[in-house]
Amino acid sequence: MSRVPGSGRSRGALTSKIHLAADRRCRPMAIVLTAGQAADSPQFIPGLNNVRVRLPVGRPRTRPTAVAGDKAYSSHANRAHLHKRRIKAVIPEKKDQAANRSKKGSRGGRPVTHDADLYHDRNTVERAINKMKDWRGIATRYDKSPESYLAGLHLRATIIWIRSLLKAH
């Protein structure tokens, strides 16, 4: 029996996890839905690849200047992907990764640095998730199928964007 991505089992109940990319104004940019037991770090690149910012002319912008994330997204693969795309990584290093690096001595590489001022803006993602969960159906996960739950997430994200654009005028 194969499960649809986006629903997993946790102590017998179906669970899911929302991976969200948001801008500094707490507006959702990309949404990835996975099973509840799935790790955060592997969803970093798919979430980042879904980010598209439309401009008045030309192709949508897909490369932000910097990406802030919590320690769950600290991995060599994620950092290498950001470095290859020339995106500044604002992700602190996990303690176990720092210990493994220092244990290797000079072969372990340089310590990871991040801009502390930019890292303070990481809470915008948490605030964006709270805005999404203002809808009771999203907060309590009434929808049984991942497809309908993801559709509700997209609908809520659209409403957040429309409200922010109406406030600007």
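I looked up the packing of helix 2 to start: its buried residues sit against helix 1, strand 4 and strand 5 (88-90). I note that the model is predicted.

Next I listed the buried residues of helix 2, which spans residues 76-84. I found Asn-78, Arg-79, His-81 and Leu-82. They lie on the same side of helix 2, because their arc around the axis is only 160°.

I then turned to the opposite face. Pointing away from the buried side of helix 2 are His-76, His-83 and Lys-84, which are exposed.

I checked the backbone just past the end of helix 2. Arg-86 has a positive phi there, about 60°.

I moved on to pockets. The largest pocket holds about 950 Å³ of space. Its lining comes from 36 residues. Nearest the centre of the largest pocket I noted Ala-21, Ala-22, Val-67, Ala-68 and Val-125.

Which elements give two or more residues to this lining? I wrote down strand 2 (13-22), strand 3 (28-35), helix 1 (44-49), strand 4 (66-68) and helix 5 (123-132). Strand 2 contributes the most, with six residues.

I sorted the lining of the largest pocket by residue class.

Last, I cross-read the two topics. Helix 1 and strand 4 pack against the buried residues of helix 2, and each of them also gives two or more residues to the lining of the largest pocket.

Technical notes:
Residues numbered from 1 in each chain as written. Predicted model: local features only at pLDDT ≥ 70, side-chain atom pairs only at ≥ 80, totals over all residues. Heavy atoms only, no water. 1 Å grid on protein atoms, 1.4 Å probe; cavity = no way out; pocket = protein on both sides within 12 Å on 5 of 7 lines; lining within 4 Å. Points joined across faces, edges and corners; volume = space filled by probe spheres on them. Helix = DSSP H or I, 4+ residues; strand = E, 2+ residues; numbered from the N terminus. Buried < 20%, exposed > 50% of the residue type's maximum accessible area, 1.4 Å probe, protein only. Arc of directions from axis to C-beta. Contact = heavy atoms within 4.5 Å.
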